[in-house]
Number of protein chains: 2
Amino acid sequence: MPKIAILGFGTVGSGVLEVCRRNAAAIERRVGAPVEVKYILDVRDFSATPDAALFVQDLDTILADDEVRVVVETIGGTKFAYPYVTRCLQSGRSVCTSNKEMVATYGAELLALAKQNHVAFLFEASVGGGTPIITPMHQCLAANHIHAVQGIVNGTTNFMLTKMQNEGMGFDAALKIAQELGYAETKDPGDDVDGRDAGRKIAILGSLACGRHLYPENIPTRGIRAVTAADVKAAAGLGCAVKLIAWYAEGETGPAAGVEPMLVPADNQLAGVNDVFNAVLMQGDMLGDVVFYGKGAGKLPTASAVVADVIDALKNGVKIHDSLFWQPSERRPGLLPDPARCPRYLRARGLGGAVLAELAGPDAALVFEDAAAGEAAVLTAPLDAAGTEALCQKVALLGGEPALVLKRMPG
Amino acid sequence: MPKIAILGFGTVGSGVLEVCRRNAAAIERRVGAPVEVKYILDVRDFSATPDAALFVQDLDTILADDEVRVVVETIGGTKFAYPYVTRCLQSGRSVCTSNKEMVATYGAELLALAKQNHVAFLFEASVGGGTPIITPMHQCLAANHIHAVQGIVNGTTNFMLTKMQNEGMGFDAALKIAQELGYAETKDPGDDVDGRDAGRKIAILGSLACGRHLYPENIPTRGIRAVTAADVKAAAGLGCAVKLIAWYAEGETGPAAGVEPMLVPADNQLAGVNDVFNAVLMQGDMLGDVVFYGKGAGKLPTASAVVADVIDALKNGVKIHDSLFWQPSERRPGLLPDPARCPRYLRARGLGGAVLAELAGPDAALVFEDAAAGEAAVLTAPLDAAGTEALCQKVALLGGEPALVLKRMPG
């Protein structure tokens with residue numbers, strides 16, 4: 001009977017135990033044998049709980065037990081998770097994790113280590129929570145070359161933008177509700193609202209698509225702090241929703257990726273993805289567009305994705321890495337390029353709408369003007385990054401202050 | 001080097017050859033060896049084409065060649081496909097097919113035959129064309145019990161309903177355009193517009209969800225012939241789109257399934273699925289809702305799903321059937337029950353709106369009345385099947401004629 005160990009008994013880790021127990025029969029049918037959680041590693045004291053006997057505080061206890069074939073890592077972060085996972089893989093155990101930071105930082109290295117040791121390193125739950133994204137990407141789309149990915153991969157900011165859109169709220173009010181509901185961190189919501197969480201996720205999907213490691217620090221990342229209720233309303237007037245989009249694209253000179261709020265036209269499949277839901281759109285050369293949609297977080301959904309990985313690891317082991325794999329790459333300073341050429345929404349302070357529209361050229365349209373606030377916004381003709389930068393400089397030269405630039409996605 | 005054979009060189013079969021060639025390097029990387037199409041079986045004469053040397057007219061030639069490890073079946077129908085596939089599986093070859101009719105009719109038997117012969121019988125492309133649905137359903141959701149499925153699985157009718165919705169067309173005009181574009185058969189579009197194609201697909205998904213074979217002939221199936229431009233307009237007035245929905249639900253007394261046009265509220269994820277796109281929503285006990293969305297047909301998308309199955313068969317073989325499997329079941333006469341209790345849109349001829357609304361009870365609302373056409377429609381309070389039948393009988397007793405009943409889905 002294959003045994004598993006869980007590292008970290010927080011939300012996802014305790015969910016893994018619950019899923020293993022509640023769906024034990026279905027899991028047994030799929031694996032061909034019952035799967036039992038034999039150890040849980042956590043530094044906290046669980047001696048008063050019904051599962052007290054499972055808890056250990058030392059990884060060596062787990063590694064010394066040959067019955068343990070798969071280790072689930074749900075500690076989060078990299079400080080403990082990374083050395084623990086390294087040791088598990090070196091000891092010949094497969095590892096299944098929901099830890100996007102670790103995968104985005106050390107993915108290539110851990111994948112190579114898994115291959116060397118003939119085990120699996122799986123991380124379906126690191127993107128999209130319970131929604132299958134990584135597995136269909138590498139497996140079901142095996143006969144496709146994926147040249148672009150666009151996703152709404154952070155439920156917290158999507159919830160906030162939905163509130164701003166449907167109820168006319170500003171950023172601060174929307175953040176407060178997200179914090180009250182437990183979607184955003186109370187102390188420092190930066191991982192979500194500044195786009196870092198989304199940046200890790202697109203680093204993972206982009207690495208898988210292009211076959212070599214993309215580091216989050218090279219991905220231009222902007223969150224939603226600068227987005228106002230007026231922007232969201234102006235976007236609606238243009239038939240668009242404002243969404244925080246994490247994107248990857250195969251550029252002419254190599255991979256490109258970014259995280260930024262964008263105008264998403266209503267007929268784009270991502271426009272209708274609301275609240276805490278996530279969706280990822282992939283473009284394959286044979287397949288065209290495919291979208292995977294579901295809840296991006298939550299204890300049981302995320303845990304069920306981890307358990308699906310456990311089943312896959314037990315059944316298929318290292319073979320999975322014939323397709324789930326990417327090469328290491330050198331760490332380099334600087335940001336990946338942005339090859340996009342598209343219309344841009346530009347809101348500026350300190351310039352009248354007529355002047356701003358004139359600066360933006362004959363094909364630009366004034367989108368809104370709030371004379372009291374001293375703000376105006378235009379939608380430009382298609383511009384590339386250099387053209388956008390030049391326009392912002394002109395605005396500054398005339399004494400204005402560019403406050404927000406949003407690309408408009410294709411419909 | 002593993003070789004494959006293609007049975008039937010129509011749209012999908014020729015697409016499989018094209019995908020194998022165009023993405024040869026990616027396929028080789030995933031399989032660990034190059035994959036070559038060695039034979040194509042087709043009764044037609046291809047001797048003047050560049051690939052003439054590949055064509056054979058006799059299955060025995062293929063079965064006599066031990067190099068052939070996987071056979072792709074894209075003949076369609078059951079007359080030839082079923083005996084051919086049976087022989088291939090018996091001979092120890094894995095089979096990958098896009099043939100929904102064969103899977104919906106003989107799926108349990110062919111799955112058992114594959115297991116007996118230690119090979120794989122895969123059919124991702126039978127539902128949703130190139131969009132991964134079956135593989136994530138049985139694999140990524142392995143730790144979930146799936147208790148309900150609702151899908152838009154027929155691109156032709158979805159295209160027609162989108163035309164009716166966006167351009168106010170009637171059924172006949174929409175069908176004519178679908179035929180001109182090659183989406184609908186010119187001779188007999190019944191498989192699409194009468195819902196049989198969708199019925200086969202939900203039979204497959206329902207069988208996989210409940211673990212035993214559901215026969216299409218037991219699934220209550222209604223198409224979209226009775227839907228008029230007035231119905232689609234009235235639905236829009238209720239904040240809904242009319243969609244042909246194929247559904248499966250675990251009922252208290254066993255599986256239930258159906259194919260029927262329904263009112264889909266705008267905030268349901270299926271409402272925004274337009275044109276020839278398909279989408280399938282699954283509800284898992286751990287996961288909540290997950291949606292898979294993409295093009296439901298097309299040569300290369302469908303072929304790329306078949307090729308992904310070929311890769312899976314070569315890599316994982318019979319092991320796939322630990323999760324991709326269902327038991328046989330007896331053929332029984334009659335239709336599966338319909339446990340739904342929900343509001344119903346009822347359009348009737350020959351009764352005034354006031355009388356119809358009175359019959360439908362105090363909680364029903366008159367939705368439209370066209371005195372010139374002698375038609376009116378109401379939206380009822382939640383009713384079950386028996387309550388709906390009773391209402392239709394009352395309408396008939398008063399000399400009216402129930403013309404269309406549509407359930408309203410939850411939002």
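The model is a predicted one, in which local features need pLDDT of at least 70 and side-chain atom pairs count only at pLDDT 80 or more, while totals for chains, interfaces and linings use all residues. Residues are numbered from 1 along each chain as its sequence is written, and chains are lettered from A and ligands numbered from 1 in the order in which they are written.

Two packed helices are described by the angle between their axes and the distance between the axes. For helix 5 (residues 100-116) and helix 10 (residues 196-210) of chain B, the angle is about 45° and the axes are 9 Å apart, where the axes are lines fitted to C-alpha atoms over the stretch in contact and angles run from 0 to 180 degrees between N-to-C directions. Helices (H or I, at least four residues) and strands (E, at least two) are DSSP runs, numbered from the N terminus. The contact, defined by C-beta atoms, placed from the backbone, that lie within 7 Å, brings B:Lys100, B:Glu101, B:Val103, B:Ala104 and B:Gly107 of helix 5 together with B:Arg200, B:Lys201, B:Ala203, B:Ile204 and B:Ser207 of helix 10.

In chain A, six strands form an open sheet with parallel pairing in the order 3-2-1-4-5-6, two strands being paired if DSSP finds at least two bridges between them. Strand 3 (55-56) and strand 6 (121-122) of chain A stand at the edges with a single partner strand each, so one side of each has no neighbour in the sheet. Strand 4 (residues 68-73) of chain A pairs in the parallel sense with strand 1 (residues 3-7) over five bridges, and A:Ala5 stands opposite A:Val71, as A:Ile6 does opposite A:Val72. Strand 4 also runs parallel to strand 5 (residues 94-97) of chain A, to which four bridges join it, with A:Val70 opposite A:Ser94.

A:Thr74 is found in the loop between strand 4 and helix 4 (81-90) of chain A. A:Thr74 is buried, because 25 other C-beta atoms lie within 10 Å, the cut-offs being 20 or more for buried, 12 or fewer for exposed, and partly exposed in between. Although A:Thr74 and A:Leu7 are 67 residues apart along the chain, their C-alpha atoms are separated by 5.8 Å. The residues that A:Thr74 touches include A:Leu7, A:Gly8 and A:Ser98.

Key
Contact = placed C-beta atoms within 7 Å. Lists of a residue's contacts leave out its neighbours within four places in sequence.
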